[in-house]
Amino acid sequence: MTSSYSADQIQVLEGLEAVRKRPGMYIGSTGPRGLHHLVYEVVDNSIDEALAGHCTHIEVDFNADGSVTVTDDGRGIPVDVHSKTGKSALETVMTVLHAGGKFGGGGYKVSGGLHGGGVSVVNALSEWVEVQVLRDETQYTQRYERGVPVDELQSKPSKGTQTGTSVQFLPDTTIFTTGIEFDYATIASRLRELAYLNAGVRITLTDNRLDLIKLEEPKTESFCYEGGIREYIAYMNREKQPLHEDVIFVSGERNSVQIEVALQWCVDAYSDNILGFANNIRTIDGGTHLEGLKAVLTRTMNNFARKRNKLKENESNLGGENVREGLTAVISVKVPDPEFEGQTKTKLGNTEVRGIVDSLVGEVLTEYLDFHPHIADAVLEKAIQAFKAAEAARRARDLVRRKSVLESSPLPGKLADCSTRIPSESEIFLVEGDSAGGSAKQGRDRRTQAILPLRGKILNIEKTDDSKIYKNNEIQSLITALGLGIRGEDFDSTQLRYHKIIIMTDADVDGAHIRTLLLTFFYRYQRELVEQGFIYIACPPLYKVERGRNHYYCYNERELQERLAEFPSNANYNIQRFKGLGEMMPEQLWNTTMNPETRMIKQVEVEDAAQADNVFTVLMGDRVAPRREFIETNAPRLNLVDLDI
């Protein structure tokens, strides 16, 4: 099989020189997200081999020296001389941007690595890279330093007929100035996702950094799911109560577009959770595959509602949001020539995919429900209940609107707005109580910073229907102040009044609870706010240390101990523990927590939507046992010794 994949199938598009100058253009950032993207770029090449049917096992190793090794049992990168570059195909792939077997030429039918610059970007941004290729009963090796080969391609006979590629790299600390330490959980989450999306491929992650992980033996996990995305659905719904036991699965191929869909409705869920993937890339901004899936679900379920007399002739159709209530779904499409749109290139634009998904899923789903009428009835009953609840919510909403709160309404009286009307430079702090709100209002930059004090704890969205949401004063204030639309409507970022929504709560149990309630509201009510990076968490200091005329702020226990260790053993110092933001003077709050020049804020990210969905279900849902188990399991890791529950 290796003879069909040769140097002439490696097509050269452009050079590599710009990558080190502008790394953010190729990997998004030079922070932790960009660092981890390096691993994904190399793994993508191995996944492409799996998609082509030539790879069954991928190994990712964190090494003791800080480097990472990615090994697969694919065909091995070609090593014969490339006709255009005069170099080996291996060196061409490693040193020329956008050179690979996925840009035409028959190397790959579909590919998942099209959203980046490929392994050459990893090479350019690494202190060194060593590549080993096994093919044609020969072992080939070559070393590169900061993108430049330091020796010729070396070769020696290998034993047996094993084939594959191994890439070991050490990220360059002059590029990744915030550190090159890889987070095990982040990488494991993506590898697990890839294993679900590529049924039968085994991906093994091993952490050999024994000093870092405080273990005597390496930590190893292996991900392999013969059931593919069906098992992904089961994983996401493991803490929920399914409406039907079997996961509905659709699989097929039309016009060279491969489609897989898995569906399961749950009794105890009141919003949908639909994950879309195109060529293994998570399409957080949606696209034509998701549009096709939503359309066919609405049409098919309404057809069954008519067929089974669940809807009378004079009754209107169920809305898409009614049909999808409680649904967990994964749609994965593999497209030969994907077109990605949007600012983050995570929206599939191929118009032909919409119709292919619609027709294929429509046929298979109709046939499935014909043979399983009890499932159709159960889903329809839930959808009709959702429709009735939505009508009740609409009436509550109309009542709210008549009171002139949501539509063309004055802003909440307790909102201290900023003077600028440019959302991209505006930020709003959500603070608990009037005392903290008072300090924040006095200490802020009035031009760009708005303050919204919230009284008490807002509703737990996880347990509340829409009609109660719209009657709640604090939630009305939030919706109005932020410029959010009605739940169920498409998110419109142009209506958002602030591009930084900063949750600023006290550093105690109550503050943590309020922060979690707000995060639940944003995640369930308008998840796009989180996914598009508008939500932040403020990090106020925990301690103030005074020594003579000097004072220092410490943001955690470790910083406090490090500061105290700097003092002589006989020094005169005073430690103040901030229990609430209201204890700080306005100037203190500005200097430590609100000043963009000196503050520390964390952007809320949802790298693993399935895990996030599960955590919100466990922590904020009705079932006590899973919540207790979660807290008991995670308390030691999070140092939650005196947790007030």
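Which polar contact does the backbone nitrogen of aspartate 506 make with the side chain of glutamate 432, and at what distance? I found this nitrogen 2.6 Å from a polar atom of the glutamate 432 side chain. I counted a polar contact as a pair of N or O atoms within 3.5 Å; within protein, one must be able to donate a hydrogen and the other to accept it, and residues adjacent in sequence count only if both atoms are side-chain atoms.

The model is predicted: local features need pLDDT of at least 70, side-chain atom pairs count only at pLDDT 80 or more, and totals for chains, interfaces and linings use all residues. Residues are numbered from 1 along each chain as its sequence is written, and side-chain values use heavy atoms, with hydrogens and water left out.

I looked up the annotation next. An unreviewed UniProt entry puts the feature "binding site" at Glu432 and Asp506; such annotations may be inferred rather than shown by experiment. The set spans 75 residues in sequence, yet no two of its C-alpha atoms are more than 7.7 Å apart, so the residues gather at one spot.

Then I took glutamate 432. It sits in strand S17, residues 427-432 (strands are DSSP E runs of at least two residues, helices H or I runs of at least four, numbered from the N terminus).

I placed it in the loop between strand S19 (500-504) and helix H15 (509-525).
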